[in-house]
Amino acid sequence: MFRLLRPFVHRHPPLYRRAHVVAANGNQAPANTLQNIEKEHERLLRVVERRITERQSMYSQLTDQMSTPDDIAKLRQLKESEPLQNAWDDWLKAREAFNETIELLTDSDPSMRALATEEYTTLTEQLNKSVTETLPQLLVPPSETAHLGALMELKSGVGGSESSLFLADMLRMYQRLANASRWKAQVVTQNDLETGGIKDAIMEIKGEGVYDSLRWESGVHRVQRVPATEASGRVHTSTVAVVVLPLMEETDGKNDDLFSMDEVKVEVMRARGAGGQHVNKTESAVRLTHIPSGITVSMQDERSQHQNKRRAFQVLRSRLMDRKIMREIEERRATRLNLVRTADRSEKIRTYNYAQDRVTDHRIGLTLKNLTGIMEGDDLQEVLDALKKNHDEEVMEDMLNSA
Amino acid sequence: MQHRLFAKLAAQLGRQQASLEWKWMNDAIASDTSKNSLQDIVRRRCLGEPLQYILGTQPFGPLNLLVRPPVLIPRPETEHWVIKLSEAIRPTAQSPFSLLDIGTGSGCIPLLLCHLWPQGSVHTHGVDISPHAIRLANDNALLAGIPPPSDGDYLKRRNTFGTTPANFLAPTFPEEAMQIKPPFHIITSNPPYIPWKEFLELPRSVSEYEDPKALFGGPSGLEFYEAIARFVGRKDMMTSDGVVALEVGRGQAKAVEELIRTTGRVHHTEIWTDPWGIERTVIGRM
């Protein structure tokens, strides 16, 4: 949980905000193992212990009848915190067993020693799992966006046509990732460049946990390579801006809590002369303007106005939801002293360097020497996992600091 | 090859429209809905044939309808007002409505309403003079999963769509309409409304491919509205709370409103504008 142990990981010190560093060398004395684990996860364990104490006292406050409204609220809370209690009990049990095992490691009976050594390994694993997975997961509230798919917007940035060529490569990368993850990906809109490549695109990706997996892809992606179109073999640097939005499905009624219909201006794009029976040219483009926020969405890729409108509303809903999430992050940041990851999307987050066959994510200082595998979508998951882990750690740290 | 094809299309349609249609053509080929090659599609399109006929479909609201020459291609203006009508009137299965669509063409109006309204809340009927239209409308009903009317108990709980070939302008029509079991709660129509003068100025993709019988509304363009007004004016054709919804051509709304008011049966009228700001639909309530 608190460590990224990878052969190619190297961290930039300023970004490495770990409070404790694990002394994970195998040479330490067995007796110190537990001590080290407890020391490293001191804050976590203190928080859990406090929650458990609170739970006990809540339990003792229940009246005998257990039927007052206050009781019912308490019972509900007790029920909710039961998994934490169980995990804590497991931790205590493993801890006790561990201490017993330590003594047996030096037993005179060789078969007993062998047994104890085995036990020692199992218990160490168990204890580590408690503090790195089980307990943190129970403390951090579950993601509210876990069920959401994503809308991924890609826009070419600096670098002209090379940027558009790379955008096409990125789109392919995400499509392949989606296939491999059994997500459903569909390009909603795409503007091709005459000279090849894609100027901008929006892709819809449906599936469980898609938004949570992809949300850290938002930001500026930089590519350094010799463009296919470059005759002199000079390396170019260009960028693609990515924004990942939570995919908001159409709600049944018109009672959206993100906006109301009268806040949205719907416009058709082109003049149609007399229209109606006089014209049979397909002109289905629509533009929405959300007046309070000034967000505009244009959609023309579908063959009917109805479809374009539906798509445009989906994008609008997703953008508004995204704003809401960003606002909540900002508020959390404002109310707590701890840093939460910046929501700045103009930040350069990743570099794809073809000459060096490497991809570096600048936020976590992760470098993978396997650019081809990543562009094929196969190894991108590794980057996403690292980012998600990093986020989980931040949330955890945030929680510990504010607890 | 591809570049040359696209360039050809762009020369014909302009680059922006060509890129969109290019995508739709490729989508149709990829999804197997079009049996033609891209080369054939582009060639036909460059000759002026409407894209909808070449691809064989046109989305209409949430429905994907079949289109076949020479039956009128459903227009976005029609899609817009029909969706609006589906929200303005809400029939229920407790007291189902009966709807007559005059000049049904592809069946787009009644089929979309059947799709949007609750099951069992409406029984629709389309009449058209063209056998091509009747066939297409029935094919579309099948595709949209909307059954023909039947006396079966089960079907009464579903929305239905039936067709009758008939010449609406013939003096015998009211007689024939009696077979469809009036009174109707709703009469909808997108009748031919293009006047003679404008007919001559239509783009080729309309005048050379779509059925003139679905477009030409007589010298004034109002011939069908006059007939509809006479039809509505008869007693027994509409319920006392009936609604008439008529699509009209640019500049015709006031005249049509006047026509249906003179029936004496319609007491309240309104005019809906289309997304392009043109007065497009006349709504009359009894």
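How many salt bridges does the rule find across the interface of chain B and chain A? In this predicted model, the rule finds one. It joins the side chains of B:Glu77 and A:Arg272, with an N to O distance of 2.6 Å. Polar contacts were also counted between the two chains. There are 19 such residue pairs between chain B and chain A, with both residues at pLDDT 80 or more.

Several elements of chain B supply two or more residues each to the side that touches chain A. They are the helices α2 (15-30), α4 (51-55), α5 (76-88) and α11 (204-207), together with the strand β1 (57-60). By class, this side of chain B comprises 22 nonpolar, nine polar and 11 charged residues.

The size of an interface is often expressed as the accessible area lost when the parts come together. Between chain B and chain A, about 3000 Å² is buried. Carbon and sulfur atoms give 47% of that area. Chain B brings 42 residues to the contact, and chain A brings 27.

Cysteines were examined next. A disulfide is a covalent bond between the sulfur atoms of two cysteines. The structure holds zero disulfides over all chains. B:Cys108, for one, is in no disulfide. The nearest cysteine sulfur to that residue belongs to B:Cys114, 12 Å away. B:Cys108 has a relative accessible area of 8%, so it is buried. B:Cys46 also counts as buried, because its relative accessibility is 13% and the cut-off is under 20%.

Methods
Residues are numbered from 1 along each chain as its sequence is written. Chains are lettered from A and ligands numbered from 1 in the order in which they are written. This is a predicted model: local features need pLDDT of at least 70, side-chain atom pairs count only at pLDDT 80 or more; totals for chains, interfaces and linings use all residues. Side-chain values use heavy atoms; hydrogens and water are left out. Contact means heavy atoms within 4.5 Å. Buried area is the accessible area (1.4 Å probe) that two parts lose on being put together, summed over both. A salt bridge is a side-chain nitrogen of Lys or Arg within 4 Å of a carboxyl oxygen of Asp or Glu. A polar contact is a pair of N or O atoms within 3.5 Å; within protein, one must be able to donate a hydrogen and the other to accept it, and residues adjacent in sequence count only if both atoms are side-chain atoms. Helices (H or I, at least four residues) and strands (E, at least two) are DSSP runs, numbered from the N terminus. Ala, Val, Leu, Ile, Met, Phe, Trp, Tyr, Cys and Pro count as nonpolar, Asp, Glu, Lys and Arg as charged, and the others, Gly among them, as polar. A disulfide is a pair of cysteine sulfur atoms within 2.5 Å. Buried means under 20% relative accessible area, exposed over 50%, partly exposed in between (1.4 Å probe, protein chains only).
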